Every structure is written in C-alpha cells, then in structure tokens.
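Please open the structure in your viewer and keep the selection tool at hand.

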Amino acid sequence: MKIIVLGSAAGGGFPQWNCNCRNCNGQRNGTINATARTQSSIAVSSNGTDWALINASPDILTQIRNTPALQPNRNKRDTGIAAVVLMDAQIDHVTGLLMLREGKQLPLYCTPAVWDDLTTGLPLMHVLSHYCGVQWHPLPTNQFDQHTAVHIPGIEGIRFTPLALKSKAPPYSPHREQPQAGDNLGLIIEDIATGKKLFYAPGLGQIEPHIDAAMQAADCLLVDGTLWTEDEMITLGFSKKKSADMGHLPQSGNGGMIEVLDAIDGPRKILIHINNTNPILDADSHERAVLTQHGIEVAFDGMEITL
Ligand code: MLT
Ligand code: MN
Ligand code: ZN
C-alpha cells in the first residue's frame with residue numbers, strides 16, 4: 001500500500017498566517033532551512049487510484065492540486081477520494097469536508113463522539129446535507145485488546161483498525177472537558193497482502209498499554225509531533241496552554257515521544273502534525289539533530305511511504 005502525507009503541519013499550518021515566531025518569520029524570509037507545510041492529512045491506497053482520505057484539512061484543495069494521484073480523469077467529474085476517515089473533530093481535520101461539497105455523497109467514517117461534535121458544536125453535517133451530503137459509517141471505539149477492523153468499500157486490500165486513545169476533543173466541543181471514548185483515534189492501517197502495518201496518530205496525549213502494543217507491532221509509526229516541549233506555547237508567549245492541555249505528548253523531557261520511540265525496536269519512526277513553533281521544523285536545528293540521532297524522521301508534505 002501507498003501512503004502520501006498531504007499535510008504535515010498542525011492547526012494553522014506553517015508558516016501560520018498571523019505568526020512571527022522564529023520559525024514562521026525564518027521560513028518566510030528564507031533565513032532558516034525549513035519548508036512550508038499544510039495542515040494535517042494523509043491519503044492511503046492499495047491500487048494507486050482509489051484513496052482513503054484520512055482527515056480533511058482546510059488546505060485540502062491545495063493538497064489535491066499538489067497530488068495528481070488524487071485527481072484521476074475517468075469521467076467529466078471525478079475524484080480519487082473514495083472515502084473520508086476522521087481521527088477527531090478538530091478544525092484542522094474536518095473543515096476540508098466543506099471544500100468537497102461539489103462532489104457526490106461522501107462516505108464518512110468517524111466515531112459517534114466525533115459525529116456528535118459535527119452535528120452540534122460544529123454542525124458541518126447539517127450544512128453539507130444541503131450540498132453533497134454524507135453517508136455516515138460509525139467507527140467502533142476499540143480499546144485495550146479489542147481490535148475491530150473496518151473494511152472500506154472501494155479501498156480493497158487494506159484493513160483499518162481504529163483505536164480509541166487519549167488526546168483532546170476540540171475547544172468548541174461539548175466533550176472538551178468531559179472526554180468520551182472516540183473523541184480521538186489512532187489507526188492501524190494494514191496491507192492485507194503484505195501484512196505490513198502503519199500506525200497513525202496525529203494527536204496522541206498518552207501512551208496507554210493498547211497504544212504501546214499497536215506501536216510495537218507496526219512497521220511504520222506516523223505519530224504526534226506537535227510540540228518539542230511541554231510549555232512551548234507558554235514560553236514563546238502565544239498561549240497559556242501546556243502541551244498536555246491540548247492533548248499532545250511533547251517530544252522532549254521525561255516520558256516524551258523520544259523516550260517512547262526509543263523503547264520501540266523495529267518500525268520506521270516519523271513525526272507528523274508539527275506545530276509552527278516547533279524547532280524541529282528548522283532542518284539545521286539542534287533539536288532536529290537530536291531526532292536524527294534517535295532515528296526519528298520529520299514528515300513533510302508530499303512524503304510517500306510504501307508498505
Ligand atoms: C490541535 O491538534 O490541537 C489543533 O492543531 C488545534 C487547531 O486545529 O487549532
Ligand atoms: Mn490539530
Ligand atoms: Zn509561528
């Protein structure tokens with residue numbers, strides 16, 4: 001199977017429209033070694049023609065233009081996107097659905113918790129019902145050792161296993177402070193023929209035992225790379241929120257993502273959903289060198305992974 005990183009940045013993208021942090025300014029002025037990134041999304045296919053879009057970023061139109069494989073020419077109107085799968089109801093993962101309104105009814109895979117947000121706090125589903133409409137396929141919220149795989153018609157040869165995990169519902173969500181199983185998912189994406197597995201979790205706040213097990217069993221990890229430090233947004237003066245308040249495990253520090261990944265032998269390790277403040281975006285930074293020492297890569301828009 002083939003995975004394309006459509007967008008590797010967190011909410012706001014990189015550089016962020018209103019941000020003059022060292023990274024955003026440096027990228028604009030060309031004074032740091034960093035490439036621009038769009039907001040968080042990947043596409044997965046086994047045949048290279050029919051794709052599952054995992055998350056629908058507000059940058060989706062740009063991402064489609066940059067990815068010819070997503071735009072086949074079989075009919076007067078056509079798309080390679082056969083279905084959309086949502087990891088959560090965050091704005092950077094769902095608002096691209098509005099940009100798909102000119103197409104046919106969209107098969108949409110998300111948990112009841114996410115569906116609830118998208119019909120209440122951010123009622124995109126009601127809005128879309130006046131355009132293309134969506135056909136909702138509820139995703140199970142597997143925890144611990146339960147692993148219910150999902151087959152997506154049109155995406156043959158790939159098995160999707162959603163895993164409930166601890167991150168955060170969006171700020172607008174009625175569940176923001178009352179977490180529900182299914183607010184946030186990780187996804188095991190398995191090529192049935194080769195048995196190779198990708199574990200994808202762009203928002204990952206805590207490594208529970210069933211998540212650790214899924215990570216250990218994967219051939220490639222594509223996981224939360226939002227922030228370098230727990231207090232990055234506070235230190236830079238952008239927010240009062242710690243990384244944990246936003247449901248993201250930072251890379252550095254005790255119990256951080258570098259330590260977590262160090263304890264896992266075997267899979268290729270890639271960070272995704274990178275916030276514009278994160279020093280790892282500068283390819284010449286000390287922090288990027290630390291990642292490289294630990295065998296950890298940083299996703300970029302257009303990155304292709306074959307498993
Ligand atoms: C998050 O994951 O916390 C988001 O990137 C926030 C956002 O979309 O603004
Ligand atoms: Mn996000
Ligand atoms: Zn910035």
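**A guided tour of the predicted model**

Begin by selecting Asp92, which is buried, with a relative accessible area of 6%; buried means under 20% relative accessible area, exposed over 50%, and partly exposed in between (1.4 Å probe, protein chains only). This is a predicted model, in which local features need pLDDT of at least 70 and side-chain atom pairs count only at pLDDT 80 or more, whereas totals for chains, interfaces and linings use all residues. Residues are numbered from 1 along each chain as its sequence is written, chains are lettered from A and ligands numbered from 1 in the order in which they are written, and side-chain values use heavy atoms, with hydrogens and water left out.

**The manganese ion**

Which residues coordinate the manganese ion (ligand 2)? Select the ion together with Asp92 (OD) and His273 (NE2), which coordinate it at 2.1 to 2.2 Å. Donors are N, O and S atoms within 2.8 Å of the metal (3.2 Å for Na, K and Ca); water is not among the atoms, so sites may look incomplete. The two residues come from distant parts of the chain, 181 residues apart: Asp92 belongs to helix 3 (residues 91-94), and His273 to the loop between strand 11 (268-272) and helix 9 (286-293). Helices (H or I, at least four residues) and strands (E, at least two) are DSSP runs, numbered from the N terminus. His273 is also buried, with a relative accessible area of 5%.

**Ligand 1**

Next, select ligand 1 and the residues around it: Gly11, Gln90, Asp92, His248 and His273. A residue is near a molecule or strand if one of its heavy atoms lies within 4 Å of it. Display distances to the oxygen atoms of ligand 1. A polar backbone atom of Gly11 is 2.9 Å from an oxygen atom of the ligand. For His248, a polar side-chain atom lies 2.9 Å from an oxygen atom of ligand 1, and for Asp92 the corresponding distance is 3.0 Å.

**Cysteines and helix 1**

How many disulfides does a search of the whole structure find? The search finds zero; a disulfide is a pair of cysteine sulfur atoms within 2.5 Å. Cys110 is buried, at 0% relative accessibility.

Finally, select helix 1 (residues 22-29), whose buried residues are Asn23, Cys24, Gly26 and Gln27. Cys24 has 0% relative accessibility. After helix 1 comes Gly30, with a positive phi near 75 degrees.

Note on methods. A polar contact is a pair of N or O atoms within 3.5 Å; within protein, one must be able to donate a hydrogen and the other to accept it, and residues adjacent in sequence count only if both atoms are side-chain atoms.
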